[in-house]
Amino acid sequence: MSVLVVGSFALDTVETPFGKAVDAIGGSGMYIATAASYFTAPVRVVGVVGGDFPQEGIRFLEQRNIDLEGLEIDRNGKTFRWAGRYHYDLNVRDTLLTELNVFEKFQPTIPESYRHSAWVCLGNIDPRQQRNVLNQIEKPRLVIGDTMNYWIERENEELRKTLKLIDVLIVNDSEARLLANDPNLVKAGRIIREMGPKVVIVKKGEHGAVLLTAGTVFSAPAYPMENIFDPTGAGDSFAGGFIGWLARTDDLSEENLKRAVIYGSALASFCVEKFGVEGLADLSYLQIQDRFRAFRELSRFEEHEVSYGGHDIN
Ligand code: AMP
């Protein structure tokens, strides 16, 4: 089943306590498409890069069999650039730079061959552009959207309009609080669901993710890892794994949404093990499956058999 991914294609400069990468290939579209490509095909991308985007980035996507017809190359422009610095607590990151460059005037044009894509993932880009994409495609089976504080603060009204068209919103905890204007994540989830999305997923960095629907709260842990090098793209890899699994199985039941959350978490865990997109470079089906099962073991426990007449718990 086809997945359409709209997002940024970027050159990222990232500092973590363990090292620094300058102008590394990144962007929300890059991470989402790569993660989704492990589950389904075709994965199609829509985005724009400048003439300075390395050929290596294009090859990386081609090797994953990702359809690049919708990736515009503006030879005279500069690629979107983002820079961030992570604290010792890797859940905390400062954005040092956001240079929209070719993204500033980008008007996504959806190629004819993309218009019937069943599964759509709107990566974190200008909410107007997210809507623009939806206007150009036939009714998809599911629309997943991501956003961030940058758009919540600067383009709140535009974002609200886009939220009405999204089925599943994926945000991190601070973004959920900001958007809902409520510190409690369960309440924030409900408030956001009233804005449009039927399902809200709140990512909590190394504390996992929570799936909130009308009837369920499902909490997934993050995979406990000793070596986290670069959390950049974890959220996008999550979204890619999540939509990739749903597209592969074509099943929107709550049980399958939970599985999709775990596959998303698994892809995020591979992503953070290396700098940039390297962590998603060469995964095998077996590796992904093993990690999926490891997640199940993480929080599985057996109920203790209660023998009455002994020590009651009051
Ligand atoms: P994540 O770590 O999942 O939040 O995603 C990080 C990626 O998002 C980086 O590769 C950035 O290039 C990209 N990014 C950061 N800010 C923006 C923005 N305002 N618009 C689009 N993409 C962005």
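1. Contact here means heavy atoms within 4.5 Å, and axes are lines fitted to C-alpha atoms, for helices over the stretch in contact, with angles that run from 0 to 180 degrees between N-to-C directions. On these terms, helix H9 (residues 254–271) lies across S11, strand S12 (209–212) and S13, and runs at about 25 degrees to S13. Helices (H or I, at least four residues) and strands (E, at least two) are DSSP runs, numbered from the N terminus.

2. The model is predicted, so to speak of its conventions: local features need pLDDT of at least 70, side-chain atom pairs count only at pLDDT 80 or more, and totals for chains, interfaces and linings use all residues. Residues are numbered from 1 along each chain as its sequence is written, and side-chain values use heavy atoms, with hydrogens and water left out.

3. Nine strands form an open sheet with mixed pairing, in the order S5-S4-S1-S8-S9-S10-S11-S12-S13, where two strands pair if DSSP finds at least two bridges between them. Strand S5 (67–74) and strand S13 (217–220) are the edge strands, each pairing on one side only, and neighbouring strands of this sheet are turned by 15 degrees against each other on average, direction ignored.

4. A separate point concerns the open sheet of four strands, which has the order S3-S2-S6-S7 and mixed pairing. Strand S3 (19–26) and S7 stand at its edges with a single partner strand each, so one side of each is left without a neighbour in the sheet. Neighbouring strands of this sheet are turned by 15 degrees against each other on average, again with direction ignored. S2 and S3 pair in the antiparallel sense over six bridges, and the bridge partner of Leu11 in S3 is Ile25.

5. The ligand is surrounded by 20 residues, of which the closest are Asp12, Gly27, Asn124, Gly233 and Asp236; a residue is near a molecule if one of its heavy atoms lies within 4 Å of it. The shell divides into nine nonpolar, eight polar and three charged residues, where Ala, Val, Leu, Ile, Met, Phe, Trp, Tyr, Cys and Pro count as nonpolar, Asp, Glu, Lys and Arg as charged, and the others, Gly among them, as polar.

6. For polar contacts to the ligand (pairs of N or O atoms within 3.5 Å), an oxygen atom of the ligand is 2.4 Å from an N or O atom in the side chain of Asp12. An oxygen atom of the ligand is also 2.7 Å from a polar backbone atom of Gly27, and an oxygen atom of the ligand is 2.9 Å from an N or O atom in the side chain of Arg93. The protein covers 92% of the 510 Å² of accessible area that the ligand has on its own, by the Shrake-Rupley method with a 1.4 Å probe.

7. Strand S2 (10–16), strand S6 (80–86), strand S7 (93–99), helix H4 (149–154) and helix H8 (234–249) are the elements that give two or more residues to the shell around the ligand, and H8 gives the most, with three residues.

8. Two backbone details deserve a check. The peptide bond from Ala41 to Pro42 is cis, with omega near -5 degrees, and Pro42 is placed in the loop between helix H1 (28–36) and S4. Asn65, although not a glycine, has a positive phi of about 60 degrees and is found in the loop between helix H2 (55–63) and S5.

Terms used
Polar contact = N/O pair within 3.5 Å; in protein donor to acceptor, adjacent residues only side chain to side chain.
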